Number of protein chains: 2
Amino acid sequence: MAGRRVTINDVASLAGVSIATASKALNGRQDVRASTRERVLAAAAELSFQPNALARGLLSGQTRTVGLLTSDSVGRFGIPVLLGAEDAFGAGEMAVMLCDARGDAIREQHHLRALLSRRVDGIIVVGESTNPRPSVSKDLPVPVVYAYGPSDDPEDVSFVPDDVGGAAMAVEHLLALGRRRIAHITGPRHYKAARDRAEGLRIALEAAGCEQVGETLWGSWSQRWGRHAAEMLLMAEPEVDAVFCGSDQVAAGFVEAARERGRSVPGDIAVIGYDNWEVLSTETRPALTTVDMNLELLGRTAAQHLFAAIDGRATPGVHRMRCHLVIRDSTAAA
Amino acid sequence: MAGRRVTINDVASLAGVSIATASKALNGRQDVRASTRERVLAAAAELSFQPNALARGLLSGQTRTVGLLTSDSVGRFGIPVLLGAEDAFGAGEMAVMLCDARGDAIREQHHLRALLSRRVDGIIVVGESTNPRPSVSKDLPVPVVYAYGPSDDPEDVSFVPDDVGGAAMAVEHLLALGRRRIAHITGPRHYKAARDRAEGLRIALEAAGCEQVGETLWGSWSQRWGRHAAEMLLMAEPEVDAVFCGSDQVAAGFVEAARERGRSVPGDIAVIGYDNWEVLSTETRPALTTVDMNLELLGRTAAQHLFAAIDGRATPGVHRMRCHLVIRDSTAAA
DNA sequence: CCCGAGAACTAAAAGGTTTTCGGAAACGTA
DNA sequence: TACGTTTCCGAAAACCTTTTAGTTCTCGGG
């Protein structure tokens, strides 16, 4: 922890030139003699000079810093989005300021002000679910991009997983395996994710001219609910030969309960989960076929579009990102 | 996205005072008449003035921003530490800059330079394991605190979980339940966490005058290894009545395999895990008794000590933080 | 020797805020 | 009225960098 930080002034005087020349030499500008440039660079290296980003930002109005505002980073979904974004930024020279509002609107406003006073170039808002959330973009002097949870204002830029398409993809896989008696167990109805996935199922079944077995079972996103629903389903609809679950947790619970009741997976019943939460999907037996929402890619894409928006090339609207199916043992061919 | 940002100059001219007076009024300084102060505050509110943190930081040399440098935030352990730190900072007016080096030393240096050029007031380094890691603090102009993974330089400030104590606590719990034939299944030997936990076990057994059943089984941190080790252990040492596992994943695997071999948990064998990774520890059946490392608290504490260090009150050395035992069904009284 | 052109360099301003110090006004006292 | 004190306010410097608009230097040609 040394004393005063070294400034471009120190570099200039060590090199025996003016500040202006030193600046030009360091920034690779043209009108400076090669020998002079070398002298300046040597001086900068000797003093291990680091230009002060605050001064630079004050002057240019660009901080090369973006804010990442998350409602609930404890959640399963914020983290990969966050990592993807950080990844996209890290590649360049951008820095990321992380703020967690803990689902509190007041705190969110507070963090927003903190970010703006630090003059970030843009903001990514990461939702905790795919339910639309209140927009924060009104009258903001910087662009905002929403990731995972879309803004409720269609003028904003949002990136969300295509849950309808992902669910349809899963069900088409079951149909391709020859399964025709397909049931659906999922999370709470007030989650748009649950409703979208049920809708994807409906579309895929309709396209195949197939009927869903039983009603959709709405519950919670837990393993416990998966077990409970399994018991209800196997009692009411014993002839079911495939179950599409709204999450890997539900699927893991279902598989466990089904096995206890003497139904083999995938022999008697094929099972597909959702989320590709690896600790569950790869470690349960059989390993779960599941839908992966490509959340890191989603985060990266959101970050790249924030760049574009900072450059004035915004693309308003809700952008749905393709999911992909990860096929594992729970839907192995019969 | 409006035009020019509003500055203290705009506030001053709207209020009809000089910028010096405006600044004093806004910052609650003494020598300004009450009526004047009110006029300035009203003007600031009307223009929704946000002081430019860059200018302020440039002048004061304090940015009220800290860097969070993580080696691998995908990992299980970085996240809660990070959240705890963010929590501690968020309470005040601090902002957090997040950098993920992805385990790459070059990238780490790169991020370090980026943070320093932005003049952060301090840095927290979050390790990916409890193995000591190379220090970055040499000749840095700001204080650094290490969380979870300690620095290899004893002059630095590090906060790590007390794995020896946590393991001893777990084993004492088993002994208190009357179990005497205790075995140990854990992760790879090159993890200090694994070695520390084995050491805690040794100490607790020795204090009770008890012998460990079989050799410690070193493997990986996976459920698969837990299952595999269970088969080996139950074959070789059928009289075992308790197993202390080095992680919840291992414990979950053990429980599953033991049940398949007809051993009931906790009836025949009590099981304790480590980490309190909730998706595993609460959802397996029976729910796992496990050691919680209080990682959020650890992160918060590290952040608070970074504050202290910024104020010049550093406390060098490796600080070990108490763990606590979460008792669930897998060690219910026989 | 002088001039002009081009290359190389520098002084100064700008960016927004805080702080220091000097000045002005108001007021009380001699 | 003259003077000292207190209260309030404003001019200017400082923080560090980049850029603009000169200014000096170099050198070839007339």
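Which element supplies the largest share of the surface near DNA strand D? Helix α2(A) does, with 5 residues.

## About the model

This is a predicted model: local features need pLDDT of at least 70, side-chain atom pairs count only at pLDDT 80 or more, and totals for chains, interfaces and linings use all residues. Residues are numbered from 1 along each chain as its sequence is written, while chains are lettered from A and ligands numbered from 1 in the order in which they are written.

Helices (H or I, at least four residues) and strands (E, at least two) are DSSP runs, numbered from the N terminus.

## Around DNA strand D

DNA strand D is surrounded by 25 residues. Here a residue is near a molecule or strand if its C-beta atom, placed from the backbone, lies within 6 Å of it. The closest are A:T7, A:I8, A:A55, B:S18 and B:A20. Both chains take part. In chain A, α1 (8-15), α2 and α4 each give at least two residues to this surface.

The surface near DNA strand D holds 12 nonpolar, 8 polar and 5 charged residues. Ala, Val, Leu, Ile, Met, Phe, Trp, Tyr, Cys and Pro count as nonpolar, Asp, Glu, Lys and Arg as charged, and the others, Gly among them, as polar.

## Around DNA strand C

DNA strand C has 28 residues around it. A:S18, A:A20, B:T7, B:I8 and B:A55 are the closest. Two or more residues each come from α2 (19-26) and α4 (53-60) of chain A, and from α1 (8-15), α2 (19-26) and α4 (53-60) of chain B. The largest share, 5 residues, belongs to α2(B). By type, the surface near DNA strand C has 15 nonpolar, 8 polar and 5 charged residues.

A:N52 sits in the loop between α3 (34-47) and α4 of chain A. Is A:N52 buried or exposed? A:N52 is buried, because 20 other C-beta atoms lie within 10 Å. The cut-offs are these: a residue is buried with 20 or more other C-beta atoms within 10 Å of its own, exposed with 12 or fewer, and partly exposed in between; C-beta atoms are placed from the backbone.

A:R5 is 47 residues from A:N52 along the chain. Their C-alpha atoms are separated by 9.4 Å.

## How the chains meet

In the interface, 33 residues of chain B are in contact with 34 residues of chain A. Contact means that two C-beta atoms, placed from the backbone, lie within 7 Å. On the chain B side, α4, α5 (78-91), β2 (95-100) and α6 (105-117) each supply at least two residues. That side divides into 19 nonpolar, 7 polar and 7 charged residues.

Chain B can be laid on chain A by a turn of 180° and a shift of 0.0 Å along the axis, with an RMSD of 0.1 Å. This is the relation of a two-fold axis. The superposition is by least squares on the C-alpha atoms of residues with pLDDT of at least 70 in both copies. Of the residues of chain B, B:M97 comes closest to the rotation axis, at 2.2 Å (C-alpha). The copies meet through the same surface, because 100% of the interface residues of chain B are also interface residues in chain A.

## Strands across and within chains

Strand β2 (residues 95-100) of chain A pairs with β2(B) in the antiparallel sense, over 3 bridges. Strands pair if DSSP finds at least two bridges between them. A:M97 has B:M97 as its bridge partner. A:V96 has B:L98.

Within chain B, β1 (residues 65-70) and β2(B) pair in the parallel sense over 6 bridges. B:G67 stands opposite B:M97, and B:L68 is bridged to B:L98. In β2(B), 6 of 6 residues are buried. In β1(B), 6 of the 6 residues are buried, so this strand is largely enclosed by the rest of the structure.

## Nonpolar cores

A nonpolar core is a set of buried Ala, Val, Leu, Ile, Met, Phe, Trp, Tyr and Cys residues joined through C-beta atoms within 7 Å. The largest has 175 residues. A:I124, A:F254, B:I124 and B:F254 touch the most other members. Beyond its neighbours within four places in sequence, B:F254 is in contact with residues including B:I185, B:V243 and B:V271. A second, separate core has 11 residues, among them B:V17 and B:F49.
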